[in-house]
Every structure is written in C-alpha cells, then in structure tokens.
There are 2 protein chains.
Amino acid sequence: MENQKKPYVIGLDLGGTNSVFGIVDQNANVVATTSIKTAGHGDINQYVDDCVEALKPVIEQVGGIEKIHAMGIGAPNGNYYTGSIEFAPNLPWKGKIPLAQMFSERLGIPVRLTNDANAAAMGEMQYGAARGMQNFIMITLGTGVGSGIVVNGQMVLGCDGMAGELGHVIVEHNGRQCGCGRKGCLETYCSATGVARTAREIIEKTDKPTLLRDIPLDQIESKDVAIAAGKGDEVAKEIFEETGRILGEACANFAAFSSPEAFIFFGGLTKAGDLIMDPIKRAYEATVLRIFQGKAKMLVSELDGAAAAVLGASALGWEVK
Amino acid sequence: MENQKKPYVIGLDLGGTNSVFGIVDQNANVVATTSIKTAGHGDINQYVDDCVEALKPVIEQVGGIEKIHAMGIGAPNGNYYTGSIEFAPNLPWKGKIPLAQMFSERLGIPVRLTNDANAAAMGEMQYGAARGMQNFIMITLGTGVGSGIVVNGQMVLGCDGMAGELGHVIVEHNGRQCGCGRKGCLETYCSATGVARTAREIIEKTDKPTLLRDIPLDQIESKDVAIAAGKGDEVAKEIFEETGRILGEACANFAAFSSPEAFIFFGGLTKAGDLIMDPIKRAYEATVLRIFQGKAKMLVSELDGAAAAVLGASALGWEVK
C-alpha cells in the first residue's frame, strides 16, 4: 500500500482574469471548487496568500491536506522545468515568478506547473478526446492561439520548457501585427480576436450586406460572427471559412513536423461547430503532403470548457510519483 | 555476460544511386566497407541477393555473422515502424517494400530501418555534434531537404512513422512547384537544386554581372554558386544570402514547435560555410519569437559526409536490445 496515492489533487487554472481551483479525484470528478480574481493582485505574495486562504475550506471539505497528493497549475507562459511563470504579458506580475515553489512551501505538498495549453493537452490525454493517443496536437483558440504537443506519449517542452508556441508560427509574411512584436503570426488570424479583426476588415473594405453591420465596428466579437453565421449570414460564414482555411493550412505544415494522430481544437471558437471545423478539414486535406492525407483526425475537445482547464492542471498533479 | 552485445553492426546507407555498407564497431570505427549500385536494380529480390553477396567477404573479414549484433538501414521514405520503404519517388521499387524483413531473413540478424534524415540525426546524436542533446533538429540539405527531429532524446516518428518532413513545409504561398505536387515547399528553395534554381532565376531576370553567366544556364549547380561566392561574386553571395534567409525564417517557425537546443545542418550546401550559415543565423535571430532568441545553436554536422550516413544507419543497429 505504501505507493498508493492520496485520493485528491488540486488543479489551478490560472487565467488573466480569474484563478479557478478544483479538488479532483482519480476518476476526474471535480468534487469541490473555489476561485479568486487574478486581476488586481499586483503583489504575488498577497496573491498566493489569498489563494491558500480560499483553498482552506475546500481542502477541509475533502478531509484536510493529508488527503491531497499534489497540486497542478496551468498558467500562461508557465515553464514546466522551472515551475515558474516567465514574462507573461497578460498577468499582473513581471519577470519570472517561481509559483510552484511558492505554493509548495505554503501548502506542504508537491506542486507542478506548465503552460495552460500544455495543461489542456494533458487533460485531454487523461480524460478527453486524446485518451490512448501517443501523438497529437492540441490547439487552443481563445483570446490568443495556444498549443500543447504530445509526441511518443510525452509533452514536447523543448530545451527550455517553452516549446509548443504554434500560435506564433508566422503564416503570412508581413501579415497582421501581433502582440509578440512580429507580424503574421497564426494567432492574429485564428484567435477570437483574429476573427473579430477579420470581420472588421471585411466590413470596412467591402459593401457586402451582413448582420454584423448592426454592431458598432469596434465592438464586434467572434461570438457575434458565430451568431450571424448561425443565421445564414454569408459574410459571417465567409469569415469562418477564411479562418478555417488559414488554420487548416497551418496544421498541414504542423503535420510535416510530428505527423499526429489527431489535432484537437479547444476554446470558444469551436462552439461554431462545423462552420469552423469543415473549412479546417477541407483546407488541411487539400494542403497536406500526400503521405499524410486522410490520417489525422480533426477533433473538438471532449472536455467541458469550464472544467477542462482545471482537469488539465490536475492531470499534472497526478504525474507526481 | 549474457547481455553483452556482439562487437559489430552493419550500417546501410541506401541512396538512389549507390548502396553503401559499413561494418561499424562500438567506437564508431568503420572497419570494413562495400557497396553496390542501387540504380538499375529493378527487382528487389535480386537487389537484396546482390547486397548479401557483396556483404559476405566483409562479414568474413570481421569473423563471420556471429560477430554481428544487428543491421541498421537509412533509406528515403523509410518507415521505422514497419521496416518498409514506402513510395520512394527516387528508388527503383514501387509501393511498400519490407526491406528490413527481407535482409533479416537472409542474414539471420535483427534489422532496423528508418528514413535517411532520421538516420543522420541518430548518427549525429551518437557520434557527432548532437552528443548529449535531448532536443535538436537535423536538416539535411541535398538534392532535397530532409529532417530528423529529436524530442526528449527520442526520434519524432509520428503516428505513422513518417514524421519529420520539414523539407515539405510550405514557406511561400503559391511558390515554386515542388516534386511532391504542391507549391512553395522549403526544399524548392533551400536544397542544392533550389539554389541552382535561384541562380537561374536571377541570371534570367536581371543583367547583374556574375561569373555564373560563364556556365550554360541549364548546367548551373549549387557547387558552381559556392565556387563563385568564394571568389567574391556578388550575385553568388546574394543567392546564399537569400537561401539562408528562407532557411533561417523556416527554422524560426520550427523553434515554436519544439524549441530545440540546436539546429544541425548536413549535406553539400554546408560546404559553403559562413556564406550560408551566417545568413541562416541572422534570419533566425531576427525572426524567432523573443522567448527563443539566443537559445538555439546553429551547427554544421561534425560527421564526415561519406561516413555519416553509414554511421547513422549503424546507430540504429545498436538500438536493438
């Protein structure tokens, strides 16, 4: 019995706005949750203290810290090797933050940390659409585009722990300005913000009729495009067609790298369903090298959006021996 | 003593023109070699028979087949999982050829097979510039552009054994026609034939003075460009500058995938030295995502060209337990 794991792990989905905790059992049931605001916590020590304070009652609820095997954290720019968040543009803390160590010292349990897209991939591998897969690529379509790459059943972390930044593959020479300081990155076209940007461009540059003209130009969001497309709006459908084409062509290049069994898409944009998935599939099969045709599945995450990130982070906790 | 390996492996570098065999000891000494022509062997059974016949005296030279631990083969379109050569455009045999099995049956030893660029990467990892590295990308610059990718110390083979086709990443929408049937693949610009093509384009489209005009247009080869560049020819230097830029920018995208410790370049084009390596480095550092800047080394293979492929194939033989 001595190697038997304690029954729960803590998963933390650390986002720019909220920090969501879940206590997760070995069957992927989130048995208790709590959360605090990330935004506004300029002092990292205060942030960790407030997290621990919020966790206390939910930890008690499952029988105390001696029932907790470990903690896993998924965070933007999280580095698995160092357990630190490194230069995350959308978090309140600058530089390198040794967050895994800080939580470990306060809670007295092992803590692992990785970037949010890697955590999503681990969650998918343990609980979702990637169960049993040894080679797949997770693409997260949110405010930005993230990725978690699994090769031979292992996360691709690279020499520095920062591998898997497919949102910043340049898909268009001298293309759209990206937040990273360069131009033409995949995420400038295929993130939620990229879709909204495409919508604004089409509305400004053409006089095609569209429901989207009813919305003030600077307030159009990707979900407005999805709603309009759902009503049969031609311009909105064209926007998803174009977004899917760029994404499918990019995935064709990624296949030349790791020939994955599947691409798994996650995040708000996937709610558009076939409107986005069909163009992805078409562009992928039309573009990919012949030896890879018909091989990779194009899947949508099987994990519920809200729980997925916490489950992914918790999967990291279960990795602790 | 029962787990001690026998003292030699056979390495086979199977190319479109020649098939070169080496008997290799555990210290990477090629103690005996032989070769036969690949070209002209339309019958695969006859080919294997002729190979075995050619191998007999060199096997006897080291003490007979009981001294041979295993055989490793590096071949175009070689699939590690199946041990087959699959649809290789530049070999005399069509479809899928179970070559590992065929050699194993005739020689009575285990045989492993992989594609030639993967074999080169394994050779580099075991004997060359990648010793001790867990994450690197091998780029072979020959008639085409091949690649072997190592992640977490393991070859990236993908779901089908065919991963690592970076020569067929599309770097230019609607770019140059590629032998694979698509347009704009990296190898149409950065292979030896790509360099010659760039030379012909510049000569035809401009009236810039260059030594290359002394050569009939359809006979210009990449080595002519290297010779001219070595003499200070401005057009020849511009050709390498442009080739290196495309390669460096492509590598910047590859870094977003696996964040390798190094890119290792192999093949005839690397003989141009700094003329090609300097533009690669400049373009890479200017293009790569900020978090990856200054991390990846840009190296030239440390293995002698002729021996490298055989050594790489032999490394595969040593993998046999």
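## A positive phi in chain A

The loop between strand 2 (18-25) and strand 3 (30-37) of chain A holds A:Ala28. This is a predicted model. A:Ala28 is not a glycine, yet its phi is positive, at about 65°. Most residues other than glycine have a negative phi.

A buried residue would need 20 or more, and an exposed one 12 or fewer.

## A positive phi in chain B

Chain B has a loop between strand 4 (68-75) and strand 5 (78-79), and B:Asn77 lies in that loop. B:Asn77 has a positive phi of about 55°. B:Asn77 is not a glycine either.

How many other C-beta atoms lie within 10 Å of B:Asn77? The count is 19, so B:Asn77 is partly exposed. The cut-off for buried is 20 or more.

## Where the chains meet

Chain A puts 30 residues in contact with 30 residues of chain B. On the chain A side, strand 10 (145-151) and helix 7 (234-258) each supply at least two residues. Which element gives the most to that side? Helix 7 of chain A does, with four residues.

The side of chain A that touches chain B can also be sorted by class. It has 16 nonpolar residues, nine polar and five charged.

Note on methods. Residues numbered from 1 in each chain as written. Chains lettered and ligands numbered in written order. Predicted model: local features only at pLDDT ≥ 70, side-chain atom pairs only at ≥ 80, totals over all residues. Contact = placed C-beta atoms within 7 Å. Nonpolar A, V, L, I, M, F, W, Y, C, P; charged D, E, K, R; others polar.
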